Amino acid sequence: GGEAVRNTQTGWDDVDALGLKAVLVGIPVTAVMWETQAKAMQKGDQVIAHKYLGKDYYFSKAYFEDMDKALREFQKRNIAVFTVICIRPEESKDANAYRNYDHDLGMLFQHPDFDEPAGTNGYYSMVNLDEPKSVNYWAAALDFMASRYSDSVHGRIHRYVLHNEIDDPYNWNNIGYKPLEYYVDYFTKSIRIGHNIIRQYNHHAQILVPVTQSWTRESIKPTRTEFAVKKIFEMLNQLSTREGDFYWGMGYHAYPQNFSSRTWEDVDATFSMNTRLLTFKNLEVLDKWSKMPANMYKGMTPRDIWLTENGSSTPTYTEQSLKEQAACAAYALKKVEQLSGIQTLIWHALTDNDVEGNLNLGLHYRQNDPTNPWGKKPSWCVYQAYGTANERAVLDQYLSVIGVKDWSEIIHNVTD
């Protein structure tokens with residue numbers, strides 16, 4: 001799987017060349033809503049009206065008709081579509097941040113305790129569930145998405161990632177300073193709303209919980225809260241059991257430590273169930289955790305694990321740096337292949353870009369690269385060859401970079 005460039009024929013040619021089976025598409029549905037049709041008209045936008053519980057809600061017609069085209073193209077190719085839905089804050093201190101089409105709705109959706117202490121950047125807000133009006137708009141947005149993209153007319157969405165990297169809320173799901181118990185309970189309410197609505201239209205669709213690699217690493221400060229992912233999952237299980245279990249899955253971001261391509265050397269990623277970090281190196285821990293009855297849906301069915309955002313960086317474009325990123329991609333793909341609890345891996349990102357600072361996570365060079373614009377890195381070739389007759393010829397050349405002779409050697413037993 002990967003992230004697709006959908007706005008050019010070159011992008012579609014790349015999707016075909018890579019042979020992608022799954023893609024991640026961000027759809028900021030709440031950011032392209034309008035409170036009234038008149039507001040949209042004032043800004044030169046037409047709307048799609050969607051009735052939910054007897055009330056009309058309005059969505060940008062231009063935005064969603066463009067999205068329809070892309071999702072139908074994926075559908076033609078039998079590509080599973082994952083979407084991520086986040087709340088854009090209306091009061092972000094980042095002057096260049098994307099804003100909501102409707103300022104008033106943006107303020108409604110933004111959590112009332114949204115806060116950005118020094119050293120943090122509230123890229124996304126937790127949805128506001130304190131006000132009934134906001135809850136209704138959140139439910140209506142999800143109902144619109146699920147009803148529109150559960151048929152073959154507009155295209156299909158198969159998995160819904162709600163919010164982003166919830167263990168690092170100040171940056172990625174901002175709700176201000178909150179204790180873990182309060183925060184997880186609040187988040188669970190949001191995804192339960194999503195689950196109950198989306199499953200009405202597609203019994204196979206699933207809500208995914210997005211988290212970083214901080215399995216037990218945590219830092220609790222009023223100015224920056226980073227929760228342990230393992231604690232979040234355990235609390236989600238407890239709330240699910242107490243309030244009625246539902247089939248949420250994991251949208252794991254198993255980035256290597258410090259985004260280094262030499263993930264097999266990640267110091268803080270050990271083969272213990274209490275490892276500090278959970279990266280490509282020790283996915284065996286997550287695989288084992290998912291197969292424990294206490295962590296299963298209703299104690300019987302393992303929760304799906306989808307690696308929805310993952311990659312490693314080429315800090316320089318030296319031959320060695322590019323080779324190590326390709327080795328990391330091969331390592332990750334071959335590890336996931338051997339772990340039955342993990343369903344797929346989506347690489348982030350398709351192309352290097354200026355938005356992510358000095359990180360060069362892409363399979364392509366930047367589109368504005370002076371020497372090789374949108375050129376293919378060796379990691380692109382790994383992705384393209386995986387699962388084809390050329391797999392061994394391309395991937396096996398990186399065994400020596402990793403320091404093993406066979407791909408079976410990258411699998412390890414969990415020590416506890």
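**View 1. Helix α5 spans residues 132–148.** This helix has 17 residues and reaches 24 Å from its first C-alpha to its last, close to the 24 Å expected at 1.5 Å a residue. The expected span is 1.5 Å times one less than the number of residues. Helices (H or I, at least four residues) and strands (E, at least two) are DSSP runs, numbered from the N terminus. The model is predicted: local features need pLDDT of at least 70, side-chain atom pairs count only at pLDDT 80 or more, and totals for chains, interfaces and linings use all residues. Residues are numbered from 1 along each chain as its sequence is written, and side-chain values use heavy atoms, leaving out hydrogens and water.

In α5, 12 of the 17 residues are buried, so the helix is largely enclosed by the rest of the structure. Among them are Tyr137, Trp138, Leu142 and Phe144. Buried means under 20% relative accessible area, exposed over 50%, and partly exposed in between (1.4 Å probe, protein chains only).

**View 2. Strand β7 (residues 159–162) is covered on both faces.** Arg159 and Val161 are buried on one side, Tyr160 and Leu162 on the other. Strand β7 runs parallel to β6, with 4 bridges joining them. It also runs parallel to β8 (residues 206–211), through 3 bridges. Two strands pair if DSSP finds at least two bridges between them. Leucine 162 is the bridge partner of isoleucine 85, and valine 161 has leucine 208.

**View 3. Tyrosine 160 sits in the largest nonpolar core.** That core has 110 residues, and Tyr160 is one of those with the most contacts inside it. A nonpolar core is a set of buried Ala, Val, Leu, Ile, Met, Phe, Trp, Tyr and Cys residues joined through side-chain atoms within 4.5 Å. Tyrosine 160 touches residues including Ile85, Met145, Ala146 and Leu208, not counting those up to four places away in sequence. Contact means heavy atoms within 4.5 Å.

**View 4. Arginine 192 and glutamate 243 meet in a salt bridge (3.9 Å, N to O).** Their pair links distant parts of the chain: arginine 192 is in helix α7 (residues 180–201), glutamate 243 in helix α8 (residues 229–243), 51 residues apart. A salt bridge is a side-chain nitrogen of Lys or Arg within 4 Å of a carboxyl oxygen of Asp or Glu. Arginine 192 is buried, at 17% relative accessible area. Glutamate 243 is partly exposed, at 42%.
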